[in-house]
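Please keep the sequence and the model at hand while reading.

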Amino acid sequence: MEIASAFQRRGLLFVLSSPSGAGKSTIARMILEADDGIAMSVSATTRPKRPGEVEGVDYHFVTDAEFDRMRETGAFLEWAHVFGYRYGTLRNEVIKAIENGRDVLLDIDWQGTQQLKQVDPDIVRVFILPPSMTELERRLKSRGTDSEEVIANRMSRATAEISHWAEYDYVLINNNAEKCRELVHNILKAERLKATRRVFLHDFVRELIAGRPA
Ligand code: 5GP
């Protein structure tokens, strides 16, 4: 058996959650730039597009009726209400990445993470905390894209999101984006090496042992 094929493994679902403004999108972007082996799952949402967002890159922006139709036809692996809008992970997005031999990065909330854990118990769940609530509010305001009312709403939702941190496999504090990126990347690299993911390694080791008389 070839060493390369022995080390094949099934793609893993790598979930990043945090309250909005904790730097999760920046970390996700940095990971995608640094690592060819992982692709982003682009969710569908009924939320209106923010300035600078691109259809098919940031989200698939859909109407309520379209979201209903997608839900009825089983297009979602999970979906949830967040800030009054609906967001869902598209089954096809995940399958496409995995079939291309890549891992999948999912930027979803705690509700979606709970649902996904039921679908695939092997998922890796990472939670990113802001250094403080004051810093979180400052970051939300500095984006300049949301109204005061939306920011106040996001701050109260942040407290609710943070209360789920202990349901995750890993938890980090984002004091510094580059350091946080490095830690998240290390988690990904270590998870890829987990013995339980190495389904093809059994044959390799059997042949390895058989080929070397004691
Ligand atoms: P935003 O509107 O700021 O892009 O995202 C708001 C929240 O929705 C974020 O916490 C993000 O993680 C979450 N979210 C984005 N896509 C999905 C999804 O497909 N499923 C779930 N459950 N949450 C999502």
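Which atom of the ligand does a polar side-chain atom of D109 lie 2.8 Å from? It is a nitrogen atom. This counts as a polar contact, a pair of N or O atoms within 3.5 Å. The protein covers 95% of the 510 Å² of accessible area that the ligand has on its own, by the Shrake-Rupley method with a 1.4 Å probe.

The model is predicted: local features need pLDDT of at least 70 and side-chain atom pairs pLDDT 80 or more, while totals for chains, interfaces and linings use all residues. Residues are numbered from 1 along each chain as its sequence is written, and side-chain values use heavy atoms, with hydrogens and water left out.

One is 3.1 Å from an N or O atom in the side chain of R50, and a polar backbone atom of G88 is 3.3 Å from a ligand oxygen.

The shell around the ligand has 17 residues, of which S43, R47, Y59, Y87 and D107 come nearest; a residue belongs if one of its heavy atoms lies within 4 Å. Six are nonpolar, four polar and seven charged, with Tyr counted as nonpolar and Gly as polar.

Turning to the sheet, four strands (DSSP E runs of at least two residues) form an open sheet in the order β4-β3-β6-β5, with mixed pairing. Pairing requires at least two DSSP bridges. Strand β3 (residues 44-45) runs antiparallel to β6, joined by two bridges, and T45 stands opposite Y87 in β6.

Conventions:
A polar contact is a pair of N or O atoms within 3.5 Å; within protein, one must be able to donate a hydrogen and the other to accept it, and residues adjacent in sequence count only if both atoms are side-chain atoms.
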